[in-house]
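Here are some notes to read with the structure open beside you. Take the points one at a time and find each piece in the model as you go.

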Amino acid sequence: MALAGRRIAVIGGGITGLATAHAALAHQARPQTVVFESDDRTGGKIRTSAFGGHPAIDEGPDAFLARLPWGTNLARAVGLGDQLVTPTTGSAAVWWDALHPIPDALLLGLPTEVVALARSPLISWPGKLRAATEPLRPRTSTAADSLGAFVRARFGDEVHLRLVDPLIGSIYAADTDHFSLAAVPQIAELANSARSVLLAGRKAKARSVAVAGPVFFAPLGGMGALTAATADALTSAGHEIRLNTRVTEVTPDGGRWRVNGEQFDSVVLACPAAAAARLLANAVPAAAEKVAQIPTADVAMVCLAVPSSTWPSRLAGLSGYLVPKPKQQLVTAVSFGSQKWAQWHLDDSVLLRVSLGRNGLAVLHLTDEHLVAAAVEEVGRHLRLDVQPSVVRISRWPGAFPQYRPHHAALVAAASSALPPGVVLAGASYHGIGVPACIRSGQAALDVACKSAQALAD
Ligand SMILES: Cc1cc2nc3c(=O)[nH]c(=O)nc-3n(C[C@H](O)[C@H](O)[C@H](O)COP(=O)(O)OP(=O)(O)OC[C@H]3O[C@@H](n4cnc5c(N)ncnc54)[C@H](O)[C@@H]3O)c2cc1C
């Protein structure tokens with residue numbers, strides 16, 4: 001039933017907030033939404049800008065998972081369906097004193113074939129033998145909800161430190177010893193359903209290979225094209241986006257809510273948890289206290305344009321590499337952007353995106369000069385190359401990655417259950433940090449917000 005005149009405030013104009021408001025377009029209740037964004041642009045952590053003569057190089061995410069439907073569906077809904085492209089290469093490496101190809105037959109870093117692991121020089125023979133005993137080990141409890149503790153118990157420290165922690169830790173900028181196992185559903189499902197993760201992983205891997213298709217999609221114009229097209233779709237349909245408008249107050253008003261003094265029927269907090277905690281501190285302190293407990297990690301992304309004439313052919317065809325924690329100084333991962341994405345090709349340069357910092361490795365106190373010098377020195381050493389970039393760009397991302405500590409899901413459930421009707425949490429801080437998960441969370445939040453507005457109308 002249409003809720004004529006019902007208004008929903010959406011706080012935050014990142015992908016979550018935009019997806020929240022966009023869901024109103026197709027929702028049977030047809031509410032009116034207003035997106036409040038403190039910045040002078042939409043997109044939040046999604047930002048695409050010119051670099052090295054190219055008009056659109058991502059400063060944050062450069063792709064979204066294709067196997068989850070929400071990113072692809074939103075891209076199609078806003079007219080980008082025919083502009084989705086896939087990486088030209090999926091071949092990546094781990095740097096452990098030299099570049100080692102990531103072994104075959106891994107599932108998020110977990111071995112599913114002993115033979116494939118045995119062939120890799122990345123793991124020592126004692127490490128391989130330890131991992132090979134996994135199918136013989138008794139079931140490991142998942143009660144501690146620590147990804148690192150679980151993987152170490154099953155496969156040993158080497159597989160954890162050289163494969164699983166680099167692969168998953170780089171997705172979340174996390175230390176996986178202090179990261180929720182349940183927050184990585186692909187592994188949690190194996191851990192909870194079978195005694196041997198290796199054997200269950202082998203079946204899961206075979207199923208995922210059977211469902212052929214791309215792993216990642218990106219819009220041709222960069223991830224910023226997705227948020228721009230979503231914002232356009234909203235405003236064209238008469239919804240409002242207010243830029244440069246920081247929300248400072250969310251207060252109850254007899255079943256409805258006031259946002260910066262203006263009345264709404266419900267409110268979706270699609271801003272990071274720290275901002276949500278501040279906004280809820282007076283109105284709903286019990287929820288604010290829970291939400292404030294979700295920490296974040298800062299990162300920096302340094303882009304380097306390296307002259308093609310100095311780029312060795314031995315690195316052709318590689319999408320980039322990861323640096324495991326014992327070998328990290330500041331650099332955690334390097335993407336060979338213009339080898340990974342055909343549309344990023346530059347005639348005279350190879351474009352590198354260098355990630356620095358993570359949970360437990362602070363970088364944002366460093367000067368721009370220091371960050372660039374670290375990127376150039378470390379990448380040069382890793383690749384045995386004299387890196388002399390012709391152009392550099394530094395993107396600083398404070399609070400970039402929410403850290404899902406063990407029992408994160410229980411913390412989020414407690415926060416949500418402390419919320420009164422009409423206030424909904426959404427976004428990367430709660431149910432998944434990837435772009436598709438954020439979109440899903442915004443869509444679900446809109447539905448809950450509509451139900452609250454509906455209850456007011458009845
Ligand atoms: C460097 C980097 C690389 C990444 N790579 C990938 C990747 O390849 N693939 C992938 O799927 N994901 C990736 N991610 C994760 C993903 O980009 C983010 O989790 C996601 O974009 C977060 O979206 P969001 O809308 O929930 O939050 P945000 O993007 O943080 O948006 C929140 C918005 O709320 C606004 N706001 C805050 N407080 C207020 C207030 N009081 N009033 C009004 N507005 C407010 C902020 O200005 C911001 O615009 C990456 C993230 C980073 C930082």
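This is a predicted model: local features need pLDDT of at least 70, side-chain atom pairs count only at pLDDT 80 or more; totals for chains, interfaces and linings use all residues.

Two strands count as paired when DSSP finds at least two bridges between them.

1. Start with strand β14 and its neighbour β15 (residues 262-264). They run antiparallel and are joined by three bridges, so they pass the cut-off of at least two. Across this pairing, V259 sits opposite E262 of β15. The two strands make a hairpin with two residues between them, and N260 has a positive phi near 50° there.

2. Now look to the other partner of β14. Strand β13 (residues 250-253) pairs with β14 over four bridges, again in the antiparallel sense. Here V250 is the residue that faces V259 of β14. This is a hairpin too, with two residues between β13 and β14, and G254 in its turn has a positive phi of about 55°.

3. In β14 (residues 256-259), W257 and V259 point to one face and are buried.

4. Next, find the open sheet of three strands, ordered β5-β11-β6 with antiparallel pairing. Its edge strands are β5 (64-65) and β6 (84-85), each of which pairs on one side only. Helix α2 (residues 69-77) packs on this sheet and touches β5, β6 and β11, and its direction makes about 25° with that of β11. As for β6 and β11 (residues 216-219), two bridges hold them in an antiparallel pair. One thing to click on: L84 has P219 in β11 as its bridge partner.

5. Zoom out to the domains. The protein is divided into domain 1 (7-46 + 65-78 + 220-294 + 405-457), domain 2 (92-210) and domain 3 (296-402). Six residues from domain 1 and eight residues from domain 2 take part in the contact between those two. On the domain 1 side, the touching residues are three nonpolar, two polar and one charged. The C-alpha centres of domain 1 and domain 2 are 34 Å apart.

6. Where does the ligand lie? It lies between domain 1 and domain 3, because both give residues to the shell around it. That shell has 35 residues, and the closest are G12, G14, G44, P61 and G427. By class, the shell splits into 20 nonpolar, ten polar and five charged residues. At least two shell residues come from each of α1 (15-26), β17 (296-307), β21 (391-402) and α15 (435-457). The largest share belongs to α1, with three residues.

7. Last, two backbone angles to check. Most residues other than glycine have a negative phi, and most peptide bonds are trans. A105, in the loop between β8 (99-101) and β9 (106-107), has a positive phi near 60°. H407 isn't a glycine either, yet its phi is positive, about 70°; look for H407 in the loop between β21 and α14 (408-417). Are these residues buried or exposed? A105 counts as partly exposed because it has 18 C-beta neighbours inside 10 Å. H407 also has 18 C-beta neighbours inside 10 Å, so H407 counts as partly exposed.

Key: Residues are numbered from 1 along each chain as its sequence is written. A residue is buried if 20 or more other C-beta atoms lie within 10 Å of its own, exposed if 12 or fewer, and partly exposed in between; C-beta atoms are placed from the backbone. A residue is near a molecule or strand if its C-beta atom, placed from the backbone, lies within 6 Å of it. Ala, Val, Leu, Ile, Met, Phe, Trp, Tyr, Cys and Pro count as nonpolar, Asp, Glu, Lys and Arg as charged, and the others, Gly among them, as polar. Domain bounds come from an automatic or database domain assignment. Two residues are in contact if their C-beta atoms, placed from the backbone, lie within 7 Å. Axes are lines fitted to C-alpha atoms, for helices over the stretch in contact, and angles run from 0 to 180 degrees between N-to-C directions.
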